[in-house]
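Me: I have a structure open and want to go through it piece by piece. Can you take questions as they come up?

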Amino acid sequence: MADKASFIEELNSRYNPAGPHIILGKGMFEGEVVPEVNVSIPLKTINRHGLIAGATGTGKTKTLQVFAEQLSHAGVPSLVLDIKGDFSGIAESGTPNGVITERYAKTKLPYEPQAFPVELMTISGEKGVKLRATVTEFGPVLLSKILELNDTQQSIMSIVFKYADDKGLPLIDLDDLKKLLQYVTDNPAGKADLAANYGSIAPASLGAILRSIVALEQQGASQFFGEPSFDVQDLLQTRDGKGVVNILRVSNIQNQPQLFSTFMLSLFAEIYLTFPEEGDTGKPKLVLFIDEAHLIFNEASKTLLSQIETMVKLIRSKGVGIYFITQIPGDVPENVLSQLGLKIQHALRGFTAKDRKEITKAVENYPVTEFYDAATLIQNLGIGEAFVTALDEKGIPTPLVQTYMISPESRMDVLTPTEIDTLTAASALVKKYETPINKESAYEILTQRMDSAVQNATPQQKVKPVKETPGVLQEVLNSRAGRTFTNTLMREGAKAILGMFGLGKRR
Ligand SMILES: Nc1ncnc2c1ncn2[C@@H]1O[C@H](COP(=O)(O)OP(=O)(O)O)[C@@H](O)[C@H]1O
Ligand SMILES: [Mg+2]
C-alpha cells in the first residue's frame with residue numbers, strides 16, 4: 001500500500017482546481033483525517049450531474065446541505081426536492097456543539113455558523129411559494145402522457161388544443177379543459193363546429209379522457225393548474241451574493257405520484273424551453289437536488305422516468321446540474337447513472353446477497369485506487385464520511401478519495417412552524433404567486449356561450465357576446481394567457497424536435 005506522502009501528493013494534484021470551486025471535506029488516509037487534502041469540486045463540472053448514495057442515517061442529507069451551502073456561497077441557486085421534510089434548517093444559523101466543533105477541528109477549517117437565503121415552495125397548498133402551470137403551457141402531448149391516454153385519446157387531445165388555439169379559448173386550468181371537451185361533444189353548436197373543421201370525437205373516448213382528468217384532480221392537481229403560472233427565472237435569485245436555496249416540500253409523494261410527475265415534467269420543459277444555451281460559463285446556473293430519489297423512481301409515472309434520462313442529457317447545456325440522493329446506486333436507472341459525473345458514496349451495508357451485489361457493482365464503477373481496500377471500507381465508512389470521485393476541470397474522473405465531510409454551517413434540524421410562518425410571510429415571491437387569478441378563459445367563455453344559446457329564442461341578447469367582439473379577443477390575446485396559448489404550437493414543435501416527449505414527429 002502507498003504511503004501518506006504519496007497520498008497527499010497525488011490527491012492534491014487532482015483535487016485542486018485552478019478556477020472557482022467548492023469544498024466538500026478533507027481526504028482520509030488509513031482512517032485519519034488529512035487536513036492537507038481538500039476535496040474540492042470545480043464549479044465548472046457541477047452541471048455534469050451526480051449521485052449521493054448511502055444507507056439510511058449515513059449522512060446523505062447533511063452532505064446535500066453542505067453542498068447547497070457551498071453553492072450558495074458561490075452565488076449558485078439551487079432547488080431541493082425535500083421528500084422527507086427534513087431539510088428546512090438551512091434557513092437558520094447552526095449552533096456550535098461538541099460534535100460540530102470536533103469535526104471542524106479535525107478538518108482545520110473555521111466553523112462559521114450562518115443562515116442561508118431560502119424560499120419555501122409548494123405544489124400541494126402548504127406554506128410557501130405556490131408553483132402552478134397553465135394547461136396550455138403543458139400542451140396536449142405532455143398532458144396526454146401524464147393522463148396515460150392511448151393514441152386515439154391523445155390525438156383527440158391534440159385536436160382540442162388546436163381548436164382552442166384557433167378559436168381563442170384560453171386553457172388555463174383543468175375546468176377550462178373539461179368545459180371545452182364537453183362543449184365539443186355535448187353542445188350541438190360546438191359539436192358541429194368541431195366536426196366541420198377537425199373531425200368528430202367518440203363519446204367513449206371523451207368519457208375516458210374526462211375520467212383520467214378527474215383522477216388527476218383527486219391528487220390535488222386542480223391547485224397546480226392555473227395562473228399565475230410559475231416563472232422558472234424565479235428559481236435563480238441571489239441575495240447579498242449568496243444563491244437562494246429553493247426548497248420544495250413534497251411530503252406526500254406516495255399519494256400524489258401523478259401530481260409530482262406533472263410538476264417535474266413541467267419544470268423540465270420550462271427550463272428546457274426558457275433557459276438559453278450556456279456553453280462553458282464556468283459556473284452552473286441552477287442545481288437541482290432530489291432527496292430520497294428512490295421514492296420518485298418507485299412512484300413516478302413511466303413518462304417521468306423515460307423523460308428523466310432525456311432531460312439529464314439536455315439540461316446540462318443549460319447550465320443546470322441534477323443530483324440524485326438515494327440509498328443505493330442501483331435505485332437510479334442504469335442509463336441515468338452512467339451520465340453522472342460526481343459520485344458521493346456514503347456507507348453501504350452488506351446484509352443480504354443483493355446488498356453485497358450492489359456493493360461489488362458500486363466499487364467496480366469507481367476508479368481503481370491504491371490507497372484503499374474499497375470493497376471493505378465502503379461498508380465501514382463512518383457517519384458523515386464518503387467515497388468521492390468527481391470530474392476535474394478537464395472533465396477527467398478524479399481518484400477515489402475517502403472524504404471527511406464538513407458539517408453544515410446552518411442548522412442541522414428543521415424549522416419550527418413559527419419560523420416557517422415568519423419566513424413565508426417575509427417572502428416577496430410568496431406574495432407574487434399567492435393569489436390565484438381566475439380571468440376569463442375557456443370555462444367562462446363557453447359557459448356564457450352555452451347559456452346564451454339556451455336563451456336564443458329571445459330576440460334581444462341579454463348576455464353580451466363574448467368571443468366575437470374584437471375588443472374582448474384583443475384583451476385575451478394581450479394577456480399572458482393569450483400569449484402562451486398562441487405559443488402552444490411553437491412549444492409543441494420545439495418539444496417534437498427534441499424528441500423529448502416521444503412524439504416521433506419530425507420537422
Ligand atoms: N457532515 C456531518 N456533520 C455532522 N453530523 C453529521 C454529518 N453527516 C451526518 N451527520 C449526523 O448523522 C445524522 C444522519 O444524517 P442524515 O444526513 O440525516 O442521514 P441520511 O440522509 O443518510 O439518512 C445527522 O442527523 C447528524 O447527526
Ligand atoms: Mg436523508
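**Overall make-up**

Reply: Buried residues account for 56% of the 507 residues in the protein chain. Keep in mind that this is a predicted model.

Me: How many helices and strands does the protein chain have?

Reply: The count is 21 helices and 14 strands.

Me: And the contacts, what share join residues at least 24 apart?

Reply: Taking contacts between residues at least 6 apart in sequence, 76% join residues at least 24 apart.

Me: What does the accessible surface come to?

Reply: About 21,100 Å² for the protein chain, with 52% of that belonging to carbon and sulfur atoms.

Me: On to the ligand. Which residues come nearest to ligand 1?

Reply: There are 14 residues around ligand 1, and those that come nearest are Gly 57, Lys 60, Thr 61, Lys 62 and Ser 407.

Me: Which element gives the largest share of the shell?

Reply: Helix α2, residues 60-73, which supplies three residues.

Me: What is 2.8 Å from the nitrogen atom of ligand 1?

Reply: An N or O atom in the side chain of Ser 407.

Me: How much of ligand 1 does the protein bury?

Reply: The protein buries 79% of the 560 Å² that ligand 1 exposes when taken alone.

Me: Change of topic, helix α1. Which residues are buried there?

Reply: In α1, residues 4-14, the buried ones include Phe 7, Ile 8 and Leu 11. Viewed down the helix axis, the buried residues of α1 fall within an arc of 95 degrees, so they line one face.

Me: What is on the face turned away from that buried side?

Reply: That face of α1 carries the exposed residues Ala 5, Glu 9 and Ser 13.

Me: And what covers the buried residues of α1?

Reply: The cover includes three strands: β1 (21-29), β2 (32-42) and β14 (401-405).

Me: Thr 107 next. Is it buried or exposed?

Reply: Thr 107 is buried, at a relative accessible area of 1%. It lies in helix α3, residues 98-107.

Me: What does Thr 107 touch, leaving out residues up to four places away in sequence?

Reply: Thr 107 touches Lys 26, Val 33, Pro 35, Tyr 404 and Ile 406.

Me: Last topic, backbone geometry. Which residues does a cis peptide bond join?

Reply: Glu 227 and Pro 228, with omega about 0 degrees. Pro 228 is found in the loop between α9 (221-224) and β7 (238-239). Most peptide bonds are trans, and most residues other than glycine have a negative phi.

Me: What is the phi of Glu 148?

Reply: Positive, about 55 degrees, although Glu 148 is not a glycine. Glu 148 lies in the loop between α4 (135-146) and α5 (151-167), and is exposed with a relative accessible area of 51%.

Me: And Asp 240, what is its phi?

Reply: Also positive, about 50 degrees, and Asp 240 is not a glycine. Asp 240 sits in the loop between β7 and β8 (242-243). With a relative accessible area of 84%, Asp 240 is exposed.

Key: Residues are numbered from 1 along each chain as its sequence is written. Chains are lettered from A and ligands numbered from 1 in the order in which they are written. This is a predicted model: local features need pLDDT of at least 70, side-chain atom pairs count only at pLDDT 80 or more; totals for chains, interfaces and linings use all residues. Side-chain values use heavy atoms; hydrogens and water are left out. A residue is near a molecule or strand if one of its heavy atoms lies within 4 Å of it. A polar contact is a pair of N or O atoms within 3.5 Å; within protein, one must be able to donate a hydrogen and the other to accept it, and residues adjacent in sequence count only if both atoms are side-chain atoms. Accessible areas come from the Shrake-Rupley method with a 1.4 Å probe; for residues, only the protein chains shown count as cover. Helices (H or I, at least four residues) and strands (E, at least two) are DSSP runs, numbered from the N terminus. Buried means under 20% relative accessible area, exposed over 50%, partly exposed in between (1.4 Å probe, protein chains only). Contact means heavy atoms within 4.5 Å. The arc is that of the directions from the helix axis to the C-beta atoms.
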